[in-house]
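Have a look at the picture first.

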Amino acid sequence: MSIIGKLLKYGVTFDSIECSRQALPVLDFVRWRKPRWVTRAKSKEFVLSKRHEYNTEETEWLRRTENHYRTQMKAIWQLIKLVPDQSLPNDLKKKADKEKIAKASWKEMEERMKDWNEQVAMIREAEQSKMNQQRQNKLLGWLNQKQLISEQFSEETLKRLQREKEAGFITPENVEQKLMESLETTADYEFALDKEGVRVINFDESTEKKQG
């Protein structure tokens with residue numbers, strides 16, 4: 001459905017709106033086209049279109065004119081090939097000069113590129129040596145830090161072992177001795193602790209001592 005059809009469907013008339021190109025720029029008449037996937041109508045399935053008729057005299061004149069044009073153009077090209085070109089030596093000289101200039105410019109460009117590559121190589125080597133030195137310093141610092149950490153860890157380990165040995169901890173060296181001592185001695189846990197942290201085994205005796 002076109003735009004005007006939609007306007008008329010919803011009750012919009014041309015009297016209620018201003019029909020001008022500035023007011024309604026969307027009112028363009030578009031020819032409806034059938035979609036490509038829609039088949040041909042049954043009423044036009046066997047209809048043959050009228051064959052176009054050509055003017056025989058005009059066709060013969062066009063063919064004759066085209067043949068004359070081709071013949072003349074072929075003759076002109078053959079004449080150009082046969083007649084020697086007088087400007088050929090000058091063209092060769094100009095071409096040689098151009099080649100000489102091109103070779104000179106190419107050689108100059110090669111020299112400039114060589115100098116530039118040497119400068120870039122020097123800068124690259126300096127940067128690479130600087131980066132290698134920084135990496136080496138960083139590695140040495142990391143190794144020194146690791147060595148200090150290992151030394152501190154070994155000192156702390158020795159101190160811890162010494163404390164364990166002084167406190168009487170069970171170690172693989174004294175495990176048998178600790179087992180024999182635990183079997184020979186009996187532990188009595190029937191005691192209490194007072195405020196000072198002293199063991200109180202007999203509560204009645206301790207109270208009598210405090211009262212006396």
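Here is a short report on the layout, the salt bridges and the surface patches.

## Ground rules

This is a predicted model, so local features need pLDDT of at least 70 and side-chain atom pairs count only at pLDDT 80 or more, while totals for chains, interfaces and linings use all residues. Residues are numbered from 1 along each chain as its sequence is written, and side-chain values use heavy atoms, with hydrogens and water left out.

## The overall layout

## Salt bridges

Side chains of opposite charge can pair when their charged atoms come close. A salt bridge is counted when a side-chain nitrogen of Lys or Arg is within 4 Å of a carboxyl oxygen of Asp or Glu. The structure holds three of them.

Start in helix H2, where Arg63 and Glu60 sit three residues apart, about one turn of the helix. Their closest N and O atoms are 3.3 Å apart. Arg63 is partly exposed because its relative accessibility is 43%, and Glu60 is partly exposed too, at 45%. Helix H2 also holds Glu66 and Arg70, which are separated by about one helical turn because they are four residues apart. Their salt bridge spans 2.8 Å, N to O. Arg70 counts as exposed because its relative accessible area is 51%, whereas Glu66, at 39%, is partly exposed.

Now hop to helix H3. Arg112 and Glu108 are four residues apart there, so about one helical turn separates them. Their side chains meet in a salt bridge of 2.9 Å, N to O. Arg112 is exposed at 58% relative accessibility, while Glu108 is partly exposed at 39%.

## Surface patches

A patch is made of residues with over 30% relative accessible area and no salt bridge; like charges are joined within 9 Å, and nonpolar side chains (Val, Leu, Ile, Met, Phe, Trp, Tyr) within 5 Å. Which residues form the nonpolar patch? They are Tyr69, Met73, Ile76, Trp77 and Ile80, with about 540 Å² of accessible area together. Tyr69 belongs to helix H2 (residues 56-82) and is exposed, at 52%.

There is also a negative patch, formed by Glu110, Glu111, Asp115 and Glu118. Asp and Glu count as negative, Lys and Arg as positive, and His and the chain ends are not counted. Each charge is placed at NZ of Lys, CZ of Arg, CG of Asp or CD of Glu. Glu110 lies in helix H3 (residues 88-167), and its 44% relative accessibility makes it partly exposed.

Key
Areas by Shrake-Rupley, 256 points an atom, 1.4 Å probe, with all protein chains shown as cover. Helix = DSSP H or I, 4+ residues; strand = E, 2+ residues; numbered from the N terminus. Buried < 20%, exposed > 50% of the residue type's maximum accessible area, 1.4 Å probe, protein only.
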